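This briefing is meant to be read alongside the sequence and the coordinates.

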Amino acid sequence: MNHFPAWKNLMIAITLVIASIYALPNIYGEDPSVQISPLRGAVINSSLVNEVKKKLTENSITPLKAELTDAQILLRFSHTTDQLKAADVIKSLLGRHYVVALNLAPATPQWLRSLNAAPMYLGLDLRGGVHFLLEVDVEAAEKQAIDRGATDIRQFLRENKLRYLSVIVNEGDIRVKFRNQAIHDDALSQLDSQFRSWEFEPETTPSSTPTLIASMSGKELTNVRNYAVQQNIITLKNRVNELGVAEPVIQRQGDNRIVVELPGIQDTARAKEILGATATLEYHMVDTKHTVSSASTGRVPIGSKLYNRRDGGQVLLKKQVIVTGDEIVDASSGIESDTGSAMVSVSLDGPGGKKMSKTTRENVGNPMAVVFIEHRTETKIVNGKPVRYKTIVEEVINVATIRGHFSNRFQTTGLDNSAEARDLALLLRAGALAAPIDIVEERTVGPSLGQDNIDMGFNSVMIGFALVLVFMAVYYKTFGLFADVALAVNLIFIVAVLSLLQATLTLPGIAGIVLTVGMAVDANVLIFERIKEELRNGNSPQASIHAGYEKAFSTITDANITTLIAAIILFGFGTGPIKGFAITLSIGILTSMFTAIIGTRALVNATYGSRQIDTLKI
């Protein structure tokens, strides 16, 4: 007789129930949604929800549901048209204090979400995701390059004792004024040989003061623009990796634009905030020789600048920057043990550490300030047309007295909360953007390969699955039906495992599943043919069943292990879609072995194991 022990039957039943639960969220689909997240200082509460719903009602938009959590508001809609219209209305209502992002929110019931059951991610080629078109402000990059050039020229003239009256940046050029013609001519000769990427020309306008005009060469301007775009692409890749998005697309489009596609991302508001943020830190010494009250009347000392403090009031800082975010090599957020406030632990590179070491050694007992700098873009409707405004927020988040000498490791406090500390640490780790970027287009995208291809991919699975079911049922009769049940359960297992791993399924992944469907019945074919052979040899049905499963096991195992090795190699050396194919193939091999060997054996045992039989329908 063929029997499974009770524990093995129970294990199969429990496994099937668990797999069904975690595969179930995939049948509920997604709702077009709008996600509202607060920026610093903004509040999310029920009053805001009511205000937003009232505004939507005035515009004849009715959300399916409004969900309020501690960190965000999620408004679900029945149609994409309502979603897009609602996003525009909410943006005009809330202004720049909130991030309003489009999203596709899973419609999974609460009881499944309470079990941490979530649908698997689908790649851009299947479900789509979030598409951002970013524009790099190359003019800002050019301005930064010209400012750096002015600083370098000024330093070169000082080091070579070429007395000058002024070095001024004026409309893309640098104007250097000298005391007399002799110094002018000498400087022209030395600067021309030292700064190859700059072009120096004497001013042609008659003037009593000899003046040199320095302008960046066309080739160097092109290099600056290309460097800004390429460096921003690298930084964006680092930031996307920090977000943990699988298989993102980040590529250049045209001269100054970057396309970012994030498949299956859930928190689009956070992605938008992190991608577009240009926040960084600067460390300055406080100007203690002059007063804030005098500077606030407009008499700001040369070499100093008046900043607003985040906690109110103003502070006068020296313009000279000690270190910037560019020199930060690592940053991690945490909680300060003394005060319990959020902080960022910072590590500097070698040059930054030397500058900080020199500054702190010479200024023990003096106050040092941390300036938080953020570039923001706001869109306003002017005369019926959207107009983009760029603003730079510079505020002092912390002023502390230097108690002792330190160099490349220290902490920065003064942040509002842990979330801001975490985001700032992420931005500092990922690196600073070479130039500010603006999100000029944002949309949740459908499948890039078109709905037809999705349907064809789905149909290929279903048609292949149906043909295999029919063939097995016709050719192997009752045993073929057992194999069909195992095949269906195998699909449930694959979907459940992909959902549990939160893997991203793409079209190549579907190809892996289709291949698995065919391979899954291979094992059953081997078993059933072995049973037939045993019957032809004159063995009893029960003995043939037992021998069929026992003798075919090693052959099935060998065949699946070799395929599994190939899938592992594909995963190790492949990229993108190849990895997706390897993952689904590997999962399919493991689950098909379970269902084909143990699953069908359990069905056979339940049908024939407890009774005397003379013939088998196989």
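How far does helix α13 reach from its first C-alpha to its last? In this predicted model, helix α13, which covers residues 507-536 and has 30 residues, reaches 44 Å between those two atoms, close to the 44 Å expected at 1.5 Å a residue.

**After the helix**
- Just after α13, glycine 538 takes a positive phi of about 90°.

**The chain as a whole**
- The chain holds 15 helices and 22 strands, and 45% of its 618 residues count as buried.
- Among contacts in the chain with a separation of 6 or more, 73% are accounted for by residues 24 or more positions apart.

- The side chains of strand β8 (residues 173-178) alternate along the strand, with Ile174, Val176 and Phe178 buried and pointing to one face.

**Partners of strand β8**
- Strand β7 (residues 164-170) runs antiparallel to β8 and is joined to it by 6 bridges, and tyrosine 164 stands opposite phenylalanine 178 in β8.
- The hairpin of β7 and β8 has 2 residues between the strands, and in this hairpin glutamate 171 takes a positive phi near 50°.
- Strand β10 (residues 211-216) is also antiparallel to β8, with 4 bridges joining the two, and here valine 176 stands opposite leucine 212 in β10.

Key. Residues numbered from 1 in each chain as written. Predicted model: local features only at pLDDT ≥ 70, side-chain atom pairs only at ≥ 80, totals over all residues. Heavy atoms only, no water. Buried < 20%, exposed > 50% of the residue type's maximum accessible area, 1.4 Å probe, protein only. Pairing = 2+ DSSP bridges. Expected span 1.5 Å × (residues − 1). Contact = heavy atoms within 4.5 Å.
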